[in-house]
Amino acid sequence: MVESVVALLLMVNTEIKEARIQKSISECLARKRVSMRQATNNVSYQCITSMAELEKNIDGSYSIKKLIVD
């Protein structure tokens with residue numbers, strides 16, 4: 001399934017290591033602020049709105065399988 005999502009990206013040396021779906025951009029920015037307090041020098045976080053291929057988890061929630069960046 002492909003949908004538009006708000007995602008919080010974990011980036012290590014400019015490479016995306018993890019992407020998590022967020023409910024809204026404000027929730028994403030709040031989680032980014034909390035995460036940045038614990039980040040090291042080569043780790044950064046970024047909030048984006050993008051199309052993504054999603055997969056359904058066993059518990060019924062969705063996770064990002066692949067980001068579709070134009």
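Tyr62 counts as partly exposed, at 39% relative accessibility. Buried means under 20% relative accessible area, exposed over 50%, and partly exposed in between (1.4 Å probe, protein chains only). Tyr62 sits in strand S4, residues 62–68. Together with Met1 and Ile21, Tyr62 makes a nonpolar surface patch of about 270 Å². Patches are made of residues with over 30% relative accessible area and no salt bridge; like charges are joined within 9 Å, and nonpolar side chains (Val, Leu, Ile, Met, Phe, Trp, Tyr) within 5 Å.

This is a predicted model: local features need pLDDT of at least 70, side-chain atom pairs count only at pLDDT 80 or more, and totals for chains, interfaces and linings use all residues. Residues are numbered from 1 along each chain as its sequence is written, and side-chain values use heavy atoms, with hydrogens and water left out.

## Overall build

The protein has 1 helix and 4 strands. Helices (H or I, at least four residues) and strands (E, at least two) are DSSP runs, numbered from the N terminus. Along the sequence the pattern reads β-β-α-β-β.

Of the 70 residues, 24% count as buried. The accessible surface comes to about 5100 Å², and 50% of it belongs to carbon and sulfur atoms. Accessible areas come from the Shrake-Rupley method with a 1.4 Å probe; for residues, only the protein chains shown count as cover.

Contacts tell about the fold along the chain. Among contacts between residues at least 6 apart in sequence, 50% join residues at least 24 apart. Contact means heavy atoms within 4.5 Å.

## Salt bridges

Side chains of opposite charge can pair when their charged atoms come close. The structure holds 4 salt bridges. Each is a side-chain nitrogen of Lys or Arg within 4 Å of a carboxyl oxygen of Asp or Glu. The table includes some of them.

| Pair | N to O distance |
|---|---|
| Glu18 and Arg20 | 2.5 Å |
| Glu27 and Arg31 | 3.2 Å |
| Glu53 and Lys65 | 3.8 Å |

Glu53 is partly exposed at 23%, while Lys65 is exposed at 53%.

Glu27 and Arg31 both lie in helix H1 (residues 25–36). They are 4 residues apart, about one turn of the helix. Glu27 is partly exposed at 21%. Arg31 is partly exposed at 43%. Glu18 is partly exposed too, with a relative accessible area of 32%.

## The disulfide

A disulfide is a covalent bond between the sulfur atoms of two cysteines. Here the cut-off is a pair of cysteine sulfur atoms within 2.5 Å. The structure holds 1 disulfide. Cys28 and Cys47 form it, with sulfur atoms 2.2 Å apart. Cys28 lies in helix H1 and Cys47 in strand S3, so the pair ties together parts that are 19 residues apart in sequence. The link of Cys28 and Cys47 is left-handed, with -105° about the S-S bond.

Are these cysteines buried or exposed? Cys28 is buried, with a relative accessible area of 0%. Cys47 counts as buried at 16%.
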